[in-house]
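Dear colleague,

I am passing on the structure below, together with some notes on what came out of it. Please read the notes beside the coordinates.

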Amino acid sequence: MVAGALEAKVEPIFHPDSYGYRPGRSALDAVETCRQRCWKFDWVVEFDIRKFFDSVPWDLIVKAVQAHSDLPWVVLYVKRWLAAPLALPDGTLQARDCGTPQRSAISPVLANLFLHHAFDAWMAREFRGVAFERYADDAVVHCSTLEQAERVLSAIRGRMAEVGLQLHPDKTRIVYCKDDRRRGSHEHTSFTFPGFTFRPRGVRTKTGKMRCGFNPAVSKEALKQMSARVRAWRLHHRAGSSEHDLSRLINPVVRGWMRYYGAFYRSALYPLLARINAYLMRWSRNKYKRLRGRKKAQAQWEMVVKSRPKFFAHWIWVNTVPTVW
């Protein structure tokens, strides 16, 4: 109720390039806008706020809430939630003096409200016309020159210090959007936002020719997390499960991966999907003695894929098995 009441007040004032935790907006919208602007501007300032949800100052959050809500009970409950102690796994309570209650219904709108004043509105005032995209505490700013990027980054560091925050040293940098039209050089030519790594990549034009473009694809970190999930399924050891059991287990997850990470440069997902097929092949050979032979197993695989091409969600993209399985 508090989150809904506050959101109704502040949603109309939020910046159009704020995408996180907002109705009708998504991370993919932010990535698409970022992609378009990277083709237009040569430089990007990538930054991430260090431990934002753990370090955001309470007094500034309450001040922002009071500025946009005339309901005393909203302010009252926000203050109580901010000051609530953290329950540790051993049952003890840890006192807090800053940060927002993570995974609560109120935290997303509080984070957006704080960063609207701390960054979005500030950028609109201080750097009128400079484009950016922000998803929660992760943001990129587009600049025309290296000098402008250095000036913007220095100002952002100062602004975050003013509001009691720090930029993450390992996730803050100036990036050159290098492609075959931009022949310059710089220390950094890639950045990640959110879950997609933007860097020079080979792309095929409408005429069929290959060129180098600056484009997003699933990040190594996201691939690592998905690979760990696939290993944790231990599909090849589920000989007691049927193929329907396996499809019910993995299809919802894999569809989500394909829908999100496959939205851009989906071929970067193919090796992961092929690895799932390798596990499924090992499952079939462990479950059925008649498929222990490699040729029989391969023939059976091809027959099943042909007769039920959509049985596993990822088969619409990758239905072959790696050479080594």
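The buried residues of helix 7 are covered by, among others, strand 1 (43-48), helix 6, strand 5 (138-143) and strand 6 (173-176), where cover rests on contact, that is, heavy atoms within 4.5 Å. Helices (H or I, at least four residues) and strands (E, at least two) are DSSP runs, numbered from the N terminus. This is a predicted model, in which local features need pLDDT of at least 70 and side-chain atom pairs count only at pLDDT 80 or more, while totals for chains, interfaces and linings use all residues. Residues are numbered from 1 along each chain as its sequence is written, and side-chain values use heavy atoms, with hydrogens and water left out.

The buried residues in helix 7 are Gln148, Ala149, Val152, Leu153, Ile156, Arg159 and Met160, buried meaning under 20% relative accessible area, exposed over 50% and partly exposed in between (1.4 Å probe, protein chains only). Because they cover an arc of only 130 degrees around the axis, they lie on the same side of helix 7, the arc being that of the directions from the helix axis to the C-beta atoms. On the face turned away from that buried side, helix 7 carries the exposed residues Glu147, Arg151, Ala161 and Glu162. Gly164, with a positive phi near 80 degrees, follows helix 7.

As for helix 6 (residues 107-126), Leu113 lies within it and is buried, with a relative accessible area of 1%. Leaving aside residues up to four places away in sequence, Leu113 touches Val10, Phe14, Ala64, Val65 and His68.
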